[in-house]
Amino acid sequence: MKKLQQRLLFLVALFIGGSAALSQNPGPVSPIVGGGQGNIQTKVVLITGTRFCYPLLQKWIDDYYKVNPQVQVIIESRGTADPAQYDILVEAYEQDEEIRKSREYLYVARYAILPVANSKSEFAGIYSEKGINQDLINQLFFHDLYADKKKEQDIKAPYTIYTRLQKAGAPIVFTKYFGYQQKDIRGKAIAGSDEHLLKAILRDSTGVSYLPLTLIYDHASRKPVPGLTVLPVDLNGNGRVSTDEKFYDDLTRVIERLEESDPRDIHTLPIGYVHFSVSKLNASAEAIEFLRWVMTNGQNDHHDFGYLSAGPSGSENQKFEQFASKRTR
């Protein structure tokens, strides 16, 4: 009911000359088709989910509008956890099996998660050179009652661990990769999105945390965000960080290295999937067609926004295409 009311209000606004200001999109909104222009009818697709994906998503929305101006895709900051209120959900972690049964998924990209520190910190100065292995990551980030305290490293530099408060994609993928749960992360829990976590690190000269690749780097300069230092990890899993594992000064180089590496050779570096989903029962034809367009036309934008290609997700996307073909006949 709420979604229907939102659509009706949006169409009324179009008819009387309303603007895209009705959207709560944090970025620029695609232009919209106003009322009274012949027989053109604007159809609305509401989409919400993981916020760090919004810049890439907005690029796809803008491009889609150029070829299909009769559909207005709107990013809406999630005001409810009820997926029935939205046409498309954007998520960065695997949902519970029970939830997955009712939804169809399209895998659109992968994202890497790296440890980072405030550039002003003594910690960043030491460990940007020394790097960190899995044992040190476990020691820094996780509560573990069974850890052998005698094997812990002596860390002389002051540091403050930050993490997300809410259940979310990056912390879930990060903790699961290292054999923990989100509740096991040490440190100060920050309310809000991954962007709020980034701001907390930049405000604290002792700040240390983890972030998706897309937030660590400035997309234009391809350099780490000013004030942020990437902590190189033990990529080959041999217990130490060698010179050839310190390649984080340029985003393009990072993406190339990770995509060219055999997944079996990547250690101590979590990689998660970004996926879109729609209801198996109630997905609109407009939502499905937008996702089909993304699957066909959006693959060239990954690197610009700091993502890896979708990788080995062909079987899942083939299932989505089969679902889409049946629903849009």
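Predicted model: local features only at pLDDT ≥ 70, side-chain atom pairs only at ≥ 80, totals over all residues.
Visitor: What makes a space a pocket, and what makes it a cavity?

Guide: On a 1 Å grid over the protein atoms alone, a cavity is a set of points where a 1.4 Å probe fits but cannot get out, whereas a pocket is an open set with protein on both sides within 12 Å along at least five of seven lines; lining residues have an atom within 4 Å of a point. The second largest pocket holds about 330 Å³, a volume being the space filled by probe spheres set on grid points that are joined across faces, edges and corners. Of its 15 lining residues, Tyr93, Glu94, Ile172, Val173 and Lys176 lie nearest its centre.

Visitor: Which residues of the lining are closest to the centre of the largest pocket?

Guide: The largest pocket has a volume of about 610 Å³. Its lining counts 25 residues, and those closest to the centre are Gly49, Thr50, Arg78, Glu91 and Lys167. Strand S3 (88-91), strand S4 (103-118) and helix H7 (194-203) each contribute at least two lining residues.

Visitor: How do the residues of that lining of the largest pocket divide by class?

Guide: There are 9 nonpolar, 9 polar and 7 charged residues. Ala, Val, Leu, Ile, Met, Phe, Trp, Tyr, Cys and Pro count as nonpolar, Asp, Glu, Lys and Arg as charged, and the others, Gly among them, as polar. The lining of the second largest pocket divides into 6 nonpolar, 4 polar and 5 charged residues.

Visitor: By class, what does the lining of the largest cavity have?

Guide: The search of the whole structure finds 1 cavity of 30 Å³ or more, and the largest cavity has a volume of about 40 Å³. Cys53, Leu56, Leu57, Trp60, Val108, Val274, Phe276 and Tyr307 line this cavity; by class, these are 8 nonpolar, no polar and no charged residues. Helix H2 (54-67) gives the most, with 3 residues.

Visitor: Why is the aromatic pair of tryptophan 60 and phenylalanine 276 called edge-to-face?

Guide: Rings of Phe, Tyr and Trp (its six-membered ring) pair if their centres lie within 6.5 Å; planes under 30 degrees apart count as stacked, over 60 as edge-to-face and the rest as tilted. Tryptophan 60 and phenylalanine 276 stand 6.1 Å apart, centre to centre, with 80° between the planes, and the pair is therefore edge-to-face. Because tryptophan 60 lies in helix H2 and phenylalanine 276 in strand S9, the pair ties together parts that are 216 residues apart in sequence.

Visitor: How do you know whether tryptophan 60 is buried or exposed?

Guide: Tryptophan 60 has 1% relative accessibility and counts as buried; the term means under 20% relative accessible area, with exposed over 50% and partly exposed in between (1.4 Å probe, protein chains only). Phenylalanine 276, at 2%, is also buried.

Visitor: What makes the pair of tyrosine 64 and tryptophan 293 edge-to-face?

Guide: The ring centres are 5.5 Å apart and the planes stand at 65°, so the pair is edge-to-face. Tyrosine 64 is in helix H2 and tryptophan 293 in helix H10 (residues 285-297), so this pair joins parts 229 residues apart in sequence. Tyrosine 64 is buried at 4%, and tryptophan 293 is buried at 15%.

Definitions and conventions:
Residues numbered from 1 in each chain as written. Heavy atoms only, no water. Helix = DSSP H or I, 4+ residues; strand = E, 2+ residues; numbered from the N terminus.
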